[in-house]
Amino acid sequence: MSRARDFADLAGSADAGGLTGRNLIINGAMQVVQRGTVSSLTSSSYGGPDRFRLGLSGAGTHRILQSATVPSGSGFANSWRLDCTTADTSITSADQISCQYRIEGQDLQVLKKGTSSAEKVTLSFWVRSSLTGTYVVELMDRDNIRHIAKTYTISAADTFEYKTLTFDGDTTGAFDDDNARSLQIQWWLAAGPSYTSGTLATSWASEVDANRAAGHNVNLASSTDNNWYLTGVQLEVGEQATPFEHRSYGDELARCQRYFFKLTDIS
């Protein structure tokens, strides 16, 4: 077989979602849900689909769960859902709501962060909300206290929309090569003035609270009618989003059990 044919087949495989190992996210299709529904939350907690965490401080009461509401024809069966159950119409100071995902440094060495060859990364996901407006996604380097953020818009209420965001590589500050949290992805859902009063950090910079969610104009805690859904999350090296890398349930469960293992009484 010719070298040209090899490259053509490889490109076709990637287009079909067949090239494995691209996605740095575990459980991005929200298949595994060991903890089940978690309700009456007034502070940060895991719950619903594994690996995704609710960040919450002073902004109402919420419930997180696995939902069967998904984008039609997308190949997904589940989503991460956040419901507001007690409203807070006045977001003040450092109040915040977010969906968070954390990655170990030893799984991020491929990004070459802190070198002149630092790689760009692309984050893609399906999102739905009862509230239209401008939202912020932030990447946080917890080893070097640096961050970068981008906005995206939800244009239609109660409708799944597909988003892709590409972030520059960071030539400053390498990720530690260990099992501690090095990178946190944060989807902002409500943000007090402490996080919105500055200028959004659209390039990598030392972390400044006021610059973390500037431009975010949605308060998911404003009504008990509000909800937010997420699925099909993929983070990959490069400037282009490729088709979602689907994995088997067994594969995703084993990966999730590295972080949380639920024992079941089988007597």
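Y46 sits in strand β1, residues 38-46; strands here are DSSP runs of E, at least two residues, helices are runs of H or I, at least four residues, and both are numbered from the N terminus. This is a predicted model, where local features need pLDDT of at least 70, side-chain atom pairs count only at pLDDT 80 or more, and totals for chains, interfaces and linings use all residues. Residues are numbered from 1 along each chain as its sequence is written, and side-chain values use heavy atoms, with hydrogens and water left out.

Apart from neighbours within four places in sequence, Y46 contacts R35, V38, R51, F52, R53, I64 and R102, contact being heavy atoms within 4.5 Å. T122 is 76 residues from Y46 along the chain, and their C-alpha atoms are 25 Å apart.

Now the backbone. Most residues other than glycine have a negative phi. N27 is not a glycine, yet its phi is positive, near 65 degrees. N27 is in the loop between α1 (3-15) and β1, and it is buried, because its relative accessible area is 0%.

I145 also is not a glycine, and has a positive phi of about 55 degrees. Where is I145? I145 lies in the loop between β6 (133-141) and β7 (146-154). At 42% relative accessibility, I145 is partly exposed.

Note on methods: Buried means under 20% relative accessible area, exposed over 50%, partly exposed in between (1.4 Å probe, protein chains only).
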